[in-house]
Amino acid sequence: MTDMRAQDEAWIKVLDELRTTSGVRVSNKTLGGLESEGGREGSEEFEDGAEHRLDTALVACSPNFSEVGCQWGTVEPHPLLSGEFFLVPVLRAIREEAPDFSSSLHTETEREVGSQLRIIDEAPYTGSGSYAALRVRSESGEPEIWFAHHLQGLWRMDLTYCEYIRTLTVTKGCFDWQHLFTEAPLSSTEFSKSAQRLRTMLDVLPPLFPDHDYAPLHARLAERLR
């Protein structure tokens, strides 16, 4: 039997927080069984024929449940806020197929990046079409994290995989939280709805989940809106 790690206990806590917090209604949630970790290092052969490896520190950040996810929303008297996340172990994620970038609406650069992406977090309950993905290439170094928005395109995030996972436990998967860490112009009209969601998130979540520190996210949003 696989032992539960601190990382796995953290996700049980996230689900418990959402389930038991007054002001939040959970619509869907899932928590699969613990998987055998096998090796602490993962590899996958991509279309370019190169073997791509994930180091042990990155794998250790990954949840070890076969799946963990939740769809939730606030209830009155709180302002409307909703979120969703769905994760699988990163070693399984990198062995899945790349997202579909075959549409002519995608640029050549997006197709190239898209062929190297493997989804690590998505929204299957609402079917929004947005997701976060790990870009694994043969080059050494930390794999990139990218955010694909169904209306706003593909954006590289200024986060490592481990930072993404830690931040997700704080944001609880609020829609568009990823844009705190992209170069999307949040002060523009095009991204006004995303900016408003982020403002609402940082107004609503701190009193609902006082055990978490939201100050760094407040500071980041202020910087992004300049």
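**View 1. Just after helix α5, K172 takes a positive phi of about 60°.** The model shown is predicted: local features need pLDDT of at least 70 and side-chain atom pairs count only at pLDDT 80 or more, while totals for chains, interfaces and linings use all residues. Residues are numbered from 1 along each chain as its sequence is written, and side-chain values use heavy atoms, with hydrogens and water left out. Helices (H or I, at least four residues) and strands (E, at least two) are DSSP runs, numbered from the N terminus. K172 is found in the loop between α5 and α6 (192–208). Its phi value is a positive one in a residue other than glycine. Most residues other than glycine have a negative phi, and most peptide bonds are trans. K172 counts as buried because its relative accessible area is 0%; buried means under 20% relative accessible area, exposed over 50%, and partly exposed in between (1.4 Å probe, protein chains only).

**View 2. D176 is found in the loop between α5 and α6.** Phi of D176 is near 80°, a positive value in a residue other than glycine. With a relative accessibility of 6%, D176 is buried.

**View 3. Helix α5 spans residues 161–171 and includes E163.** The helix is mostly covered, with 9 of its 11 residues buried. Among the buried residues of α5 are Y161, C162, Y164 and I165. E163 has a relative accessible area of 31% and is therefore partly exposed.

**View 4. D55, E142, D158, E163 and E183 form a negative surface patch.** Patches are made of residues with over 30% relative accessible area and no salt bridge; like charges are joined within 9 Å, and nonpolar side chains (Val, Leu, Ile, Met, Phe, Trp, Tyr) within 5 Å. A salt bridge is a side-chain nitrogen of Lys or Arg within 4 Å of a carboxyl oxygen of Asp or Glu. Accessible areas come from the Shrake-Rupley method with a 1.4 Å probe. E163 brings α5 into this view, as E163 is found in that helix.

**View 5. Strand β8 (residues 144–149) is mostly covered, with 6 of its 6 residues buried.** E144, W146 and A148 point one way from β8, whereas I145, F147 and H149 point the other way. In a regular strand the side chains alternate between the two faces of the sheet. Strand β7 (residues 131–135) pairs with β8 in the antiparallel sense over 5 bridges; two strands pair if DSSP finds at least two bridges between them. In this pairing, Y131 stands opposite A148 of β8.

**View 6. Strand β9 (residues 153–157) pairs with β8 in the antiparallel sense over 5 bridges.** A hairpin of 3 residues joins β8 to β9. H149 stands opposite G153 in β9.

**View 7. Strands β4 (residues 68–74) and β5 pair in the antiparallel sense over 6 bridges.** C70 has F85 in β5 as its bridge partner. In β5 (residues 82–87), 5 of the 6 residues are buried, so the strand is largely enclosed by the rest of the structure. P77 lies in the loop between β4 and β5. The peptide bond from E76 to P77 is cis, with omega near 15°.

Notes
Lys and Arg count as positive and Asp and Glu as negative; His and the chain ends are not counted. The place of a charge is taken as NZ of Lys, CZ of Arg, CG of Asp or CD of Glu.
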